[in-house]
Amino acid sequence: MSCILHIETSTNVCSVALSEDGACIYEQTDKNGRNHGELLGTFVDEALSFADSHAIPLDAVAVSSGPGSYTGLRIGSSMAKGICYGTNLKLISVPTLELLCVPVLLGSEEIEEDALLIPMIDARRMEVYAQVFDRSLREVRPIQADIVDETTYKAYLDKGKVYFFGNGAEKCMEIINHPNAKLIKNIEPLAKNMMPLAEKRIATETYEDVAYFEPMYLKDFVAKIAKPLL
């Protein structure tokens, strides 16, 4: 096992955690708005000081890779890359939509074996960035920019239960309006929930090139999916 510094800044939440052997040993979270530029450096310094005072050597830095806020992701990735450069640590990226599934799967709500999970990041109006997973976190449909109406997820809903969550989900429920659609509230991307995904990437030696890593900014994602239509 290993000690990992986790940085999550993809939404309004600014969150930092430190894990050792798969357990969270330090956490700082602010949910009061986009204060990442002011808070992240302090949170990271305190986490590194905690590790140093307990003589715990870091093995890697994990950072949320989006989709999400351009400013938040830029601040988080710059911090993570700077630490990796300065300390010669491995860099791990954790996709934000996959991260949102972790508290759902580990939570108290019973999720049916054949249910699907659709995490959503808000993109204003009735647009969201969403991905579809099964209960084993296998991708059923890749990330897309969805303009949500009553038919957007009907093919999945007609087959069974579908759980929607994330900061883009609640606004969609009245429009989706299907008996198999279930909303899980208050699911946010938090650094402490990055642990199982980061540990899995360490086990498979899935690391990022520190020099070339860039998160998936929403504006960049829009450009990529729109390009084939031009």
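1. Helix α1 (residues 36-53) packs against helix α2 (residues 70-87) at an angle of about 30 degrees, and their axes lie 10 Å apart; the axes are lines fitted to C-alpha atoms, for helices over the stretch in contact, with angles running from 0 to 180 degrees between N-to-C directions. Helices (H or I, at least four residues) and strands (E, at least two) are DSSP runs numbered from the N terminus. The two helices α1 and α2 are therefore roughly parallel to each other, a term that covers angles under 35 degrees, whereas those over 145 count as roughly antiparallel, 65 to 115 as roughly perpendicular and the rest as oblique.

2. Please bear in mind that this is a predicted model, in which local features need pLDDT of at least 70 and side-chain atom pairs count only at pLDDT 80 or more, while totals for chains, interfaces and linings use all residues. Residues are numbered from 1 along each chain as its sequence is written, and side-chain values use heavy atoms, with hydrogens and water left out.

3. On the contact between α1 and α2, the residues supplied by α1 are His 36, Gly 37, Leu 40, Gly 41 and Val 44, and those supplied by α2 are Gly 72, Ile 75, Gly 76, Met 79 and Ile 83, where contact means heavy atoms within 4.5 Å. These residues divide into 5 nonpolar, 5 polar and no charged; Ala, Val, Leu, Ile, Met, Phe, Trp, Tyr, Cys and Pro count as nonpolar, Asp, Glu, Lys and Arg as charged, and the others, Gly among them, as polar.

4. On the cysteines, a search of the whole structure finds 0 disulfides, a disulfide being a pair of cysteine sulfur atoms within 2.5 Å. Cys 14 is in no disulfide, and the nearest cysteine sulfur, that of Cys 24, is 15 Å away. For Cys 84, the closest cysteine sulfur is in Cys 3, at 13 Å, which is too far for a bond. Cys 14 is buried, with a relative accessible area of 0%, and Cys 84 also counts as buried, at 4% relative accessibility; buried means under 20% relative accessible area, exposed over 50%, and partly exposed in between (1.4 Å probe, protein chains only).

5. Helix α3 (residues 96-106) has 8 of its 11 residues buried, so it is largely enclosed by the rest of the structure. The buried residues of α3 are Thr 96, Leu 97, Glu 98, Leu 99, Leu 100, Cys 101, Val 102 and Val 104.

6. Leaving aside neighbours within four places in sequence, Ser 2 is in contact with Ser 19, Glu 20, Asp 21, Asp 59, Glu 199 and Ile 202.

7. Several backbone details deserve a check by eye. The peptide bond from Gly 66 to Pro 67 is cis, with omega near 5 degrees, and Pro 67 lies in the loop between β4 (60-64) and α2. Ala 55, although not a glycine, has a positive phi of about 55 degrees; Ala 55 sits in the loop between α1 and β4 and is exposed, with a relative accessible area of 67%. Glu 205, likewise not a glycine, has a positive phi of about 55 degrees, is placed in the loop between α6 (195-203) and α7 (218-226), and is exposed at a relative accessible area of 63%.

8. Finally, Pro 179 lies in the loop between α5 (173-176) and β10 (181-183) and is exposed, with a relative accessible area of 66%. Pro 179 and Lys 192 are 13 residues apart in sequence and 33 Å apart in space, C-alpha to C-alpha.
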